[in-house]
Amino acid sequence: MVAFVSRTGRQLQRYNKGRRQVVGCIPYRYKNGKQLSLDDGTLDKELEVLVISSQKGQGMLFPKGGWEMDESMEEAASRESLEEAGVVGNVECELGKWSFKSKRYDTFYEGYMFPLLVKEQLDLWPEKNVRQRRWMTVSEAREVCQHWWMKEALDVLVRRLTSAQQAEEDVAPCAVC
């Protein structure tokens, strides 16, 4: 069963030395559901990422939000993707950790990002009425994403997927994480 209400409030959220900890995902999929060779530059044409509109602004970003005490980072990333973007999938190995300053609250945050290989896109989700979502190429997402640290996470994801695909093509064992 899926909860169709977003969590609110910050009483259960995690902080590290006064820095709010947030977790997010880069939801992705391959067109036609399959990976293709990266040798001819098809990654940007075949890989799609899902961006969402900011709730309080004009920009686009990847789903992210507070990491709460009763969940793992991966559970928080999955929850945020469901609440904000209406997608469900497999949370993969962490892309990294970034320290950034919130424009709204004039304080520093710690942000962790994960890839989410999308398995299902829901027609109804908790923030459907306050957000728009849009699948786009990596290049398009880099142009519209409003946060530098999310763009860096996207670059890490692309490098990881490229390395994994090349390893598969070389028939070598691949450790994605």
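Me: Starting with a definition: two strands pair if DSSP finds at least two bridges between them. In what sense do β3 and strand β4 pair, and over how many bridges?

Reply: β3 and β4 (residues 60–61) pair in the antiparallel sense, over 2 bridges. Helices (H or I, at least four residues) and strands (E, at least two) are DSSP runs here, numbered from the N terminus. A hairpin through 6 residues connects β3 to β4, and Ile 52 has Leu 61 in β4 as its bridge partner.

Me: Before I go on, what kind of model is this?

Reply: This is a predicted model, where local features need pLDDT of at least 70 and side-chain atom pairs count only at pLDDT 80 or more, while totals for chains, interfaces and linings use all residues. Residues are numbered from 1 along each chain as its sequence is written, and side-chain values use heavy atoms, with hydrogens and water left out.

Me: Fine. How many helices and strands are in the protein?

Reply: The protein has 4 helices and 9 strands. From the N terminus the order is β-β-α-β-β-β-α-β-β-β-β-α-α.

Me: Back to β3, then. Which other strands join it?

Reply: β2 pairs with β3 in the antiparallel sense over 3 bridges, and β9 runs antiparallel to β3 with 5 bridges between them. On the β9 pairing, Glu 48 has Thr 137 as its bridge partner.

Me: Are the faces of β3 covered or open?

Reply: Both faces are covered: Leu 47, Val 49, Val 51 and Ser 53 are buried on one side, and Glu 48, Leu 50 and Ile 52 are buried on the other. "Buried" means under 20% relative accessible area, "exposed" means over 50%, and "partly exposed" is in between (1.4 Å probe, protein chains only). In a regular strand the side chains alternate between the two faces of the sheet. Since 7 of the 7 residues of β3 are buried, the strand is largely enclosed by the rest of the structure.

Me: And how much of the protein is buried?

Reply: Buried residues make up 48% of its 177 residues.

Me: Which residues of the largest nonpolar core touch the most other members?

Reply: Those are Val 23, Ile 26, Tyr 28, Phe 62, Leu 95, Met 113 and Leu 154, in a core of 43 residues. Helix α4 (residues 148–169) gives the most to this core, with 8 residues. A nonpolar core here is a set of buried Ala, Val, Leu, Ile, Met, Phe, Trp, Tyr and Cys residues joined through side-chain atoms within 4.5 Å.

Me: What is Ile 26 in contact with?

Reply: Setting aside neighbours within four places in sequence, the contacts of Ile 26 include Val 49, Phe 62, Leu 95, Met 113, Leu 154 and Leu 157. Contact means heavy atoms within 4.5 Å.

Me: Switching to α2: how far apart are its end C-alpha atoms, and what should the helix span?

Reply: The ends are 17 Å apart, which agrees with the 18 Å that the 13 residues of α2 (residues 73–85) should span at 1.5 Å a residue. The expected span is 1.5 Å times one less than the number of residues.

Me: What does α2 pack against?

Reply: Its buried residues pack against β2 (19–30), β3 (47–53), β5 (64–66), β6 (87–91), β8 (108–121) and β9 (133–137). In α2, 10 of the 13 residues are buried, including Glu 80 and Glu 84. Gly 86 follows the helix, with a positive phi near 70 degrees.

Me: Glu 80, is that one buried or exposed?

Reply: Glu 80 is buried, because its relative accessible area is 5%. The side chains of Glu 80 and Arg 79 make a polar contact of 2.9 Å. A polar contact is a pair of N or O atoms within 3.5 Å; within protein, one must be able to donate a hydrogen and the other to accept it, and residues adjacent in sequence count only if both atoms are side-chain atoms.

Me: Which side chain does Arg 131 join in a polar contact?

Reply: That is the side chain of Glu 84, at 3.3 Å. The side chain of Arg 131 also reaches the backbone oxygen of Ser 53 at 2.8 Å. Arg 131 lies in the loop between β8 and β9, and counts as buried because its relative accessibility is 10%.

Me: Last one: where is Val 144 found?

Reply: Val 144 is in helix α3 (residues 138–144). At 32% relative accessibility, Val 144 counts as partly exposed. Apart from neighbours within four places in sequence, Val 144 is in contact with Val 51, Met 60 and Met 136. The C-alpha atoms of Val 144 and Val 51 are separated by 8.7 Å, with the two residues 93 apart along the chain.
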